[in-house]
Amino acid sequence: MRRKIVAGNWKMNTVLPEGEMLVKQLEFLTKDLDNGVELIIAPPFTHLVTVGKYLSENGVKVSLSAQNCADQDKGAYTGEVSAAMLRNAGCKYVILGHSERREYYGENSESLLRKINLVLNEGMQPIFCVGERLEERESNSHFEVVSAQIKEVLYKLRGVELANVIIAYEPVWAIGTGKTASSDQAEEMHAYIRRVVADKFPDYAENMPILYGGSCKPSNAQEIFSKENVDGGLIGGASLVAQDFVAIAKSF
Ligand code: PGA
(Lines give C-alpha, C1' and ligand atoms only; values in the text may rest on other atoms or scores of the structure.)
Protein backbone atom coordinates (compact mmCIF):
# COMPACT_ATOMS: atom_id res chain seq x y z
CA MET A 1 0.00 0.00 0.00
CA ARG A 2 1.43 3.35 -1.03
CA ARG A 3 1.10 6.41 1.24
CA LYS A 4 -1.70 8.85 0.46
CA ILE A 5 -0.63 12.47 0.84
CA VAL A 6 -2.29 15.85 0.45
CA ALA A 7 0.12 18.78 0.78
CA GLY A 8 -0.78 22.47 0.81
CA ASN A 9 1.65 24.92 -0.74
CA TRP A 10 0.70 28.32 0.65
CA LYS A 11 3.30 30.07 -1.54
CA MET A 12 3.81 33.74 -0.60
CA ASN A 13 0.39 34.14 1.00
CA THR A 14 -0.87 35.05 4.49
CA VAL A 15 0.76 37.12 7.21
CA LEU A 16 1.33 35.18 10.42
CA PRO A 17 -2.02 35.90 12.16
CA GLU A 18 -3.85 34.77 9.02
CA GLY A 19 -1.72 31.66 8.85
CA GLU A 20 -2.42 30.88 12.50
CA MET A 21 -6.14 31.24 11.86
CA LEU A 22 -5.92 28.85 8.94
CA VAL A 23 -4.09 26.31 11.09
CA LYS A 24 -6.76 26.54 13.80
CA GLN A 25 -9.44 25.91 11.19
CA LEU A 26 -7.49 22.93 9.92
CA GLU A 27 -7.18 21.60 13.47
CA PHE A 28 -10.96 21.71 13.85
CA LEU A 29 -11.77 20.31 10.42
CA THR A 30 -9.29 17.43 10.55
CA LYS A 31 -10.51 16.02 13.88
CA ASP A 32 -12.62 13.37 12.14
CA LEU A 33 -10.28 12.72 9.24
CA ASP A 34 -9.58 9.00 9.38
CA ASN A 35 -9.09 7.85 5.79
CA GLY A 36 -5.35 7.35 6.18
CA VAL A 37 -4.36 10.49 4.27
CA GLU A 38 -1.27 12.33 5.51
CA LEU A 39 -1.79 16.09 5.53
CA ILE A 40 1.11 18.48 5.05
CA ILE A 41 1.20 22.27 4.96
CA ALA A 42 3.98 24.46 3.61
CA PRO A 43 3.57 27.98 5.01
CA PRO A 44 6.09 30.78 4.38
CA PHE A 45 9.42 30.65 6.27
CA THR A 46 8.36 33.33 8.76
CA HIS A 47 5.50 31.13 10.00
CA LEU A 48 7.31 27.83 10.41
CA VAL A 49 8.45 28.00 14.03
CA THR A 50 5.12 29.34 15.35
CA VAL A 51 2.99 27.02 13.26
CA GLY A 52 5.23 24.02 13.94
CA LYS A 53 4.95 24.60 17.68
CA TYR A 54 1.19 24.94 17.48
CA LEU A 55 0.80 21.73 15.49
CA SER A 56 2.92 19.66 17.86
CA GLU A 57 1.64 21.15 21.13
CA ASN A 58 -1.97 20.62 20.10
CA GLY A 59 -1.53 17.22 18.49
CA VAL A 60 -2.86 18.45 15.15
CA LYS A 61 -2.64 15.72 12.53
CA VAL A 62 -0.82 17.93 10.03
CA SER A 63 2.90 17.88 9.23
CA LEU A 64 5.07 20.86 8.41
CA SER A 65 6.94 21.52 5.19
CA ALA A 66 9.03 24.36 3.85
CA GLN A 67 8.66 25.62 0.29
CA ASN A 68 12.37 25.77 -0.52
CA CYS A 69 15.80 25.72 1.10
CA ALA A 70 19.34 26.88 0.43
CA ASP A 71 21.69 24.86 -1.75
CA GLN A 72 24.56 25.30 0.73
CA ASP A 73 24.70 23.99 4.27
CA LYS A 74 25.67 27.20 6.11
CA GLY A 75 27.75 30.35 6.02
CA ALA A 76 27.85 33.63 4.15
CA TYR A 77 24.73 33.24 1.98
CA THR A 78 22.70 36.33 2.84
CA GLY A 79 18.96 35.80 2.74
CA GLU A 80 19.06 32.01 2.53
CA VAL A 81 17.55 29.43 4.90
CA SER A 82 19.37 26.14 5.40
CA ALA A 83 18.00 22.61 5.60
CA ALA A 84 19.29 22.34 9.19
CA MET A 85 17.34 25.48 10.15
CA LEU A 86 14.18 24.03 8.64
CA ARG A 87 14.64 20.75 10.46
CA ASN A 88 15.15 22.66 13.69
CA ALA A 89 11.96 24.66 13.04
CA GLY A 90 9.97 21.42 12.93
CA CYS A 91 9.82 20.69 9.21
CA LYS A 92 9.57 17.09 8.06
CA TYR A 93 9.31 17.98 4.39
CA VAL A 94 10.74 20.51 1.94
CA ILE A 95 9.21 21.29 -1.46
CA LEU A 96 12.01 21.46 -4.02
CA GLY A 97 12.08 22.47 -7.66
CA HIS A 98 8.63 24.00 -7.83
CA SER A 99 8.14 25.40 -11.33
CA GLU A 100 7.87 28.94 -9.89
CA ARG A 101 11.33 28.49 -8.38
CA ARG A 102 12.70 27.04 -11.64
CA GLU A 103 11.08 29.81 -13.69
CA TYR A 104 11.58 32.96 -11.57
CA TYR A 105 14.68 32.11 -9.52
CA GLY A 106 16.71 30.15 -12.01
CA GLU A 107 16.73 26.85 -10.16
CA ASN A 108 18.17 24.04 -12.19
CA SER A 109 19.00 20.38 -11.76
CA GLU A 110 22.46 21.18 -10.48
CA SER A 111 21.29 23.32 -7.55
CA LEU A 112 18.35 21.00 -6.94
CA LEU A 113 20.65 18.04 -6.54
CA ARG A 114 22.59 19.93 -3.88
CA LYS A 115 19.35 20.90 -2.13
CA ILE A 116 17.90 17.41 -2.21
CA ASN A 117 21.05 15.98 -0.65
CA LEU A 118 21.03 18.60 2.10
CA VAL A 119 17.36 17.93 2.86
CA LEU A 120 17.89 14.15 2.95
CA ASN A 121 20.96 14.54 5.16
CA GLU A 122 18.81 16.38 7.69
CA GLY A 123 16.40 13.46 7.73
CA MET A 124 13.62 15.37 5.98
CA GLN A 125 11.69 14.26 2.91
CA PRO A 126 11.87 16.31 -0.27
CA ILE A 127 8.71 16.85 -2.30
CA PHE A 128 10.42 17.06 -5.66
CA CYS A 129 8.41 18.88 -8.34
CA VAL A 130 8.55 18.11 -12.03
CA GLY A 131 6.34 19.16 -14.93
CA GLU A 132 6.29 20.50 -18.45
CA ARG A 133 5.33 23.93 -19.82
CA LEU A 134 2.43 24.41 -22.18
CA GLU A 135 4.61 24.70 -25.28
CA GLU A 136 6.40 21.49 -24.32
CA ARG A 137 3.13 19.61 -24.09
CA GLU A 138 1.92 21.11 -27.34
CA SER A 139 5.11 20.05 -29.09
CA ASN A 140 4.73 16.60 -27.61
CA SER A 141 7.99 16.74 -25.65
CA HIS A 142 6.39 16.51 -22.19
CA PHE A 143 7.60 12.99 -21.48
CA GLU A 144 11.12 13.87 -22.48
CA VAL A 145 11.14 17.01 -20.31
CA VAL A 146 9.85 15.24 -17.22
CA SER A 147 12.16 12.29 -17.71
CA ALA A 148 15.17 14.65 -17.92
CA GLN A 149 14.09 16.47 -14.75
CA ILE A 150 14.01 13.12 -12.94
CA LYS A 151 17.21 11.68 -14.38
CA GLU A 152 19.29 14.80 -13.76
CA VAL A 153 18.51 14.78 -10.04
CA LEU A 154 16.94 11.60 -8.71
CA TYR A 155 19.13 9.21 -10.72
CA LYS A 156 22.10 10.62 -8.80
CA LEU A 157 20.72 9.43 -5.46
CA ARG A 158 21.09 6.04 -3.86
CA GLY A 159 18.06 3.75 -3.62
CA VAL A 160 17.82 4.09 0.16
CA GLU A 161 17.72 7.85 -0.27
CA LEU A 162 15.09 7.65 -2.98
CA ALA A 163 12.85 5.81 -0.54
CA ASN A 164 12.40 9.16 1.23
CA VAL A 165 11.53 11.19 -1.86
CA ILE A 166 8.02 12.23 -2.86
CA ILE A 167 7.47 13.37 -6.45
CA ALA A 168 4.91 15.99 -7.39
CA TYR A 169 3.91 16.14 -11.05
CA GLU A 170 2.73 19.65 -11.78
CA PRO A 171 2.10 20.55 -15.41
CA VAL A 172 3.06 24.23 -15.48
CA TRP A 173 0.05 25.08 -17.67
CA ALA A 174 -2.28 23.83 -14.93
CA ILE A 175 -0.80 25.76 -12.01
CA GLY A 176 -3.01 28.58 -10.80
CA THR A 177 -4.75 28.71 -14.17
CA GLY A 178 -7.94 26.89 -13.31
CA LYS A 179 -7.01 24.39 -16.07
CA THR A 180 -6.52 20.93 -14.64
CA ALA A 181 -4.93 18.04 -16.45
CA SER A 182 -7.60 15.46 -17.12
CA SER A 183 -7.41 12.48 -14.83
CA ASP A 184 -6.27 10.42 -17.82
CA GLN A 185 -3.49 12.88 -18.64
CA ALA A 186 -2.39 12.80 -14.99
CA GLU A 187 -2.46 9.01 -14.84
CA GLU A 188 -0.56 8.69 -18.09
CA MET A 189 2.26 10.91 -16.79
CA HIS A 190 2.28 9.41 -13.29
CA ALA A 191 2.59 5.89 -14.71
CA TYR A 192 5.39 7.13 -16.96
CA ILE A 193 7.22 8.75 -14.03
CA ARG A 194 6.97 5.50 -12.08
CA ARG A 195 8.48 3.62 -15.03
CA VAL A 196 11.35 6.11 -15.34
CA VAL A 197 12.08 5.75 -11.62
CA ALA A 198 11.79 1.94 -11.90
CA ASP A 199 14.38 1.83 -14.69
CA LYS A 200 17.01 2.94 -12.21
CA PHE A 201 15.46 1.91 -8.90
CA PRO A 202 13.36 -1.20 -9.54
CA ASP A 203 13.00 -1.87 -5.80
CA TYR A 204 11.74 1.58 -4.87
CA ALA A 205 9.48 2.82 -7.66
CA GLU A 206 6.37 0.92 -6.67
CA ASN A 207 6.17 2.54 -3.24
CA MET A 208 7.12 6.06 -4.26
CA PRO A 209 4.28 8.53 -3.68
CA ILE A 210 3.56 10.62 -6.79
CA LEU A 211 1.30 13.62 -6.16
CA TYR A 212 -0.59 15.60 -8.75
CA GLY A 213 -0.56 19.42 -8.63
CA GLY A 214 -2.25 22.07 -10.72
CA SER A 215 -5.68 23.57 -10.03
CA CYS A 216 -6.69 20.63 -7.88
CA LYS A 217 -9.90 21.45 -5.99
CA PRO A 218 -12.74 19.71 -4.16
CA SER A 219 -14.72 19.34 -7.39
CA ASN A 220 -12.00 17.43 -9.29
CA ALA A 221 -9.88 15.79 -6.59
CA GLN A 222 -11.89 12.60 -6.32
CA GLU A 223 -11.65 11.87 -10.04
CA ILE A 224 -7.89 12.55 -10.12
CA PHE A 225 -7.16 10.61 -6.91
CA SER A 226 -9.10 7.60 -8.19
CA LYS A 227 -6.30 6.85 -10.65
CA GLU A 228 -3.95 3.98 -9.94
CA ASN A 229 -0.72 5.98 -9.97
CA VAL A 230 -1.96 9.18 -8.34
CA ASP A 231 -1.15 9.09 -4.63
CA GLY A 232 -2.43 12.50 -3.64
CA GLY A 233 -2.04 16.16 -4.43
CA LEU A 234 0.11 19.24 -4.03
CA ILE A 235 -2.45 21.98 -3.63
CA GLY A 236 -1.80 25.69 -4.13
CA GLY A 237 -4.76 28.07 -4.18
CA ALA A 238 -7.27 25.69 -2.61
CA SER A 239 -4.96 25.06 0.37
CA LEU A 240 -5.59 28.63 1.55
CA VAL A 241 -9.22 27.81 2.26
CA ALA A 242 -9.34 25.31 5.11
CA GLN A 243 -12.69 23.82 4.07
CA ASP A 244 -11.49 23.22 0.51
CA PHE A 245 -8.16 21.77 1.58
CA VAL A 246 -9.80 19.31 3.96
CA ALA A 247 -12.51 18.48 1.40
CA ILE A 248 -9.69 17.56 -1.01
CA ALA A 249 -8.12 15.35 1.68
CA LYS A 250 -11.48 13.65 2.17
CA SER A 251 -11.75 12.92 -1.56
CA PHE A 252 -9.79 9.67 -1.28
P1 PGA B 1 -2.56 25.56 -7.72
O2 PGA B 1 -1.00 25.41 -7.43
O3 PGA B 1 -3.26 24.47 -6.96
O4 PGA B 1 -2.93 26.94 -7.24
O5 PGA B 1 -2.76 25.40 -9.21
C6 PGA B 1 -0.39 24.17 -7.31
C7 PGA B 1 1.06 24.34 -7.00
O8 PGA B 1 1.71 25.22 -7.58
O9 PGA B 1 1.62 23.62 -6.15
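The stops below begin at the ligand and then pass through loops, helices and the nonpolar cores.

**Before starting**

This is a predicted model, in which local features need pLDDT of at least 70, side-chain atom pairs count only at pLDDT 80 or more, and totals for chains, interfaces and linings use all residues. Residues are numbered from 1 along each chain as its sequence is written, and side-chain values use heavy atoms, with hydrogens and water left out.

**Stop 1: the ligand**

The ligand is surrounded by 13 residues, and the closest are Lys11, His98, Glu170, Gly176 and Ser215. By kind, this shell consists of 4 nonpolar, 7 polar and 2 charged residues. In this division, Ala, Val, Leu, Ile, Met, Phe, Trp, Tyr, Cys and Pro count as nonpolar, Asp, Glu, Lys and Arg as charged, and the others, Gly among them, as polar.

A backbone N or O atom of Gly176 is 2.7 Å from an oxygen atom of the ligand. A polar backbone atom of Gly236 lies 2.9 Å from a ligand oxygen atom, and for Gly237 the corresponding distance is 2.8 Å. How much of the accessible area that the ligand has on its own does the protein cover? The protein covers 95% of the 280 Å²; accessible areas come from the Shrake-Rupley method with a 1.4 Å probe, and for residues only the protein chains shown count as cover.

**Stop 2**

Select Ser215, which was listed among the closest residues to the ligand. Ser215 is in the loop between strand S7 (210–213) and helix H10 (218–225). Helices (H or I, at least four residues) and strands (E, at least two) are DSSP runs, numbered from the N terminus. Although Ser215 is not a glycine, its phi is positive, at about 55°. Is Ser215 buried or exposed? Ser215 is buried, because its relative accessible area is 15%; buried means under 20% relative accessible area, exposed over 50%, and partly exposed in between (1.4 Å probe, protein chains only).

Move on to Asn220, which is placed in helix H10 and is buried at 13% relative accessibility. Its side chain reaches the backbone nitrogen of Lys217 at 2.8 Å. Not counting residues up to four places away in sequence, Asn220 touches Thr180 and Ser215; contact means heavy atoms within 4.5 Å.

**Stop 3: Thr14**

Select Thr14 in the loop between strand S1 (4–9) and helix H1 (16–29). Thr14 is also a residue other than glycine with a positive phi, near 80°. Its relative accessible area is 23%, so Thr14 is partly exposed. Which residues does Thr14 contact, leaving aside its neighbours within four places in sequence? They are Gly19, Pro44, His47 and Leu240. Display the side chains of Thr14 and His47, which are joined by a polar contact of 3.0 Å. A polar contact is a pair of N or O atoms within 3.5 Å; within protein, one must be able to donate a hydrogen and the other to accept it, and residues adjacent in sequence count only if both atoms are side-chain atoms.

**Stop 4: Asp231**

Select Asp231 in the loop between H10 and strand S8 (232–235). Asp231 counts as buried because its relative accessibility is 5%. A polar atom of its side chain lies 2.8 Å from the backbone nitrogen of Ile210. Beyond four places in sequence, the contacts of Asp231 include Arg2, Arg194, Met208 and Phe252.

**Stop 5: the nonpolar cores**

A nonpolar core is a set of buried Ala, Val, Leu, Ile, Met, Phe, Trp, Tyr and Cys residues joined through side-chain atoms within 4.5 Å. The largest such core has 68 residues, of which Val6, Ile41, Ile150, Leu154, Ile193, Val197 and Tyr212 touch the most other members. Apart from this core lies another, of 12 residues, including Ile40, Ile127, Leu211 and Leu234.

**Stop 6: Ala83**

Finally, select Ala83 in helix H3 (residues 83–88). Ala83 is buried, at 4% relative accessibility. Ala83 and Lys115 are 32 residues apart in sequence, and their C-alpha atoms are 8.0 Å apart in space.

Notes:
Near = heavy atom within 4 Å.
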